[in-house]
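Subject: Structure handover

Dear colleague,

Here is the structure you asked for, with the sequence. My notes on it follow below.

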Amino acid sequence: MTVVVISEGHPSDLLTTINSRIRRIDLISKLFAPVVSGFIISFVSLIASAASLAIWNIVSVFLQYWLLNSVYKGIPALTERNRKRGLKGTVLNDQEEGPSTSQDQSRQNQNVDDRSENVSLGNTMVEKFVKRVSDYSFIRAWQVYFRQDVVLPGLALAFLYFTVLSFGTLMTATLQWEGIPAYIIGFGRGISAIVGISATFLYPSMENRMSTLRTGLWSIWSQWTCLLVCVGSIWVKNTTTSAYVLMAGVAASRLGLWVFDLAVTQQMQDRVSESDRAVVGGVQNSIQAFWDLMTYIMGLIISNPQVIFYSGHTLYV
């Protein structure tokens, strides 16, 4: 959530602009990365493509570290926040050391009460287990996440990752099984990426004219409307035409999808307190990764391309 700190003290639309540009860079990279890799494979060799990607990954590690370090040093607010966070942690540690004896005494008294009341050993062990589990940092992180006002939009965004209605590996393999030429699939993926990139230009103007909440509501309903085209492709008799209709619906739905993604992201930045932003963001990313993984697990379980093709029309949680 570094962008929140960077945008503080500036007009409110700066955060919207930064979020849109970051997402635009991400989508453009996803668009051109397979194109560049494909050119190297086609005109050089597969080994050359793998070597190029390996070298780029190694170089990008140092490049990313240098960029992060430059941003950290170039924006004093980030350094100040880190210093305040360190001081806050020191104060909390000092406060925890003071009442430790009283806590020990209260625990001893509790043990005496437990003996006097003849509490069963099983119940005591369960209570200790629950308390020990609740002390783990990842459990506290989930508790913090579910206390937020934006938990429902966050879960809605995460559930969208559990789908085959995207130009990923499962849908691409299924379309190829249906006999759709590779260049047609590539053309559809290109259109889908362009529609997604256009969402990053549309979102700032929508957010300025409407609220972030209304923008998110409009975008999610827009996405579902486009996905109705995918459902309608079930009744198209010709299999090839049905696949084309499916691809068109998926490509059009990318506009609402990425606007909704930006709206939920900005809601989390605006409505989550500074002390909880990193925790909430980490849990949100983990939930999204989980449902993305579940998509591939379902692909292993339902391995018949024909079943994937017809169930994919409606599998969009």
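The lining of the second largest pocket draws at least two residues from each of α2, α9 (169-177), α10, α12 and α13. This is in a predicted model, so please read everything here as computed from it. The biggest contribution to that lining is from α10, which supplies eight residues. The volume of the pocket is about 1,100 Å³. Its lining has 33 residues, and those closest to the centre are K30, S166, F167, G168 and R189. By type, the lining of the second largest pocket splits into 18 nonpolar, ten polar and five charged residues.

Next, the nonpolar cores. The largest of them contains 28 residues, and Y145, L160, F260, M268, V280 and I287 have the most contacts inside it. Two or more of its residues come from each of these elements: α2 (13-43), α7 (137-146), α8 (151-159), α10 (182-209), α12 (239-271) and α13 (277-301). The largest share is that of α12, with eight residues.

What does V280 touch, leaving aside residues up to four places away in sequence? Its partners are V144, Y145, Q148, M268 and V272. Of these, Y145 and M268 are also listed with V280 among the residues with the most contacts inside the largest core.

I191 has a relative accessible area of 34%, so it counts as partly exposed, the class between under 20% (buried) and over 50% (exposed). Along the chain I191 and A248 are 57 residues apart, while their C-alpha atoms are separated by 9.0 Å.

Finally, the record. An unreviewed UniProt entry annotates residues 31-48, 54-75, 150-174, 180-203, 215-236 and 242-264 as "transmembrane region". I looked at two of these stretches in the model. Residues 31-48 are 89% helix and 0% strand, with 20 Å between the end C-alpha atoms. For residues 180-203 the chain is 92% helix and 0% strand, and the end C-alpha atoms are 33 Å apart.

Regards

Technical notes: Residues are numbered from 1 along each chain as its sequence is written. This is a predicted model: local features need pLDDT of at least 70, side-chain atom pairs count only at pLDDT 80 or more; totals for chains, interfaces and linings use all residues. Side-chain values use heavy atoms; hydrogens and water are left out. UniProt positions are given in the numbering used here, feature names are shortened, and annotations may be inferred rather than shown by experiment. Helices (H or I, at least four residues) and strands (E, at least two) are DSSP runs, numbered from the N terminus. A nonpolar core is a set of buried Ala, Val, Leu, Ile, Met, Phe, Trp, Tyr and Cys residues joined through side-chain atoms within 4.5 Å. Buried means under 20% relative accessible area, exposed over 50%, partly exposed in between (1.4 Å probe, protein chains only). Contact means heavy atoms within 4.5 Å. On a 1 Å grid over the protein atoms alone, a cavity is a set of points where a 1.4 Å probe fits but cannot get out, and a pocket is an open set with protein on both sides within 12 Å along at least five of seven lines; lining residues have an atom within 4 Å of a point. Grid points are joined across faces, edges and corners, and a volume is the space filled by probe spheres set on the points. Ala, Val, Leu, Ile, Met, Phe, Trp, Tyr, Cys and Pro count as nonpolar, Asp, Glu, Lys and Arg as charged, and the others, Gly among them, as polar.
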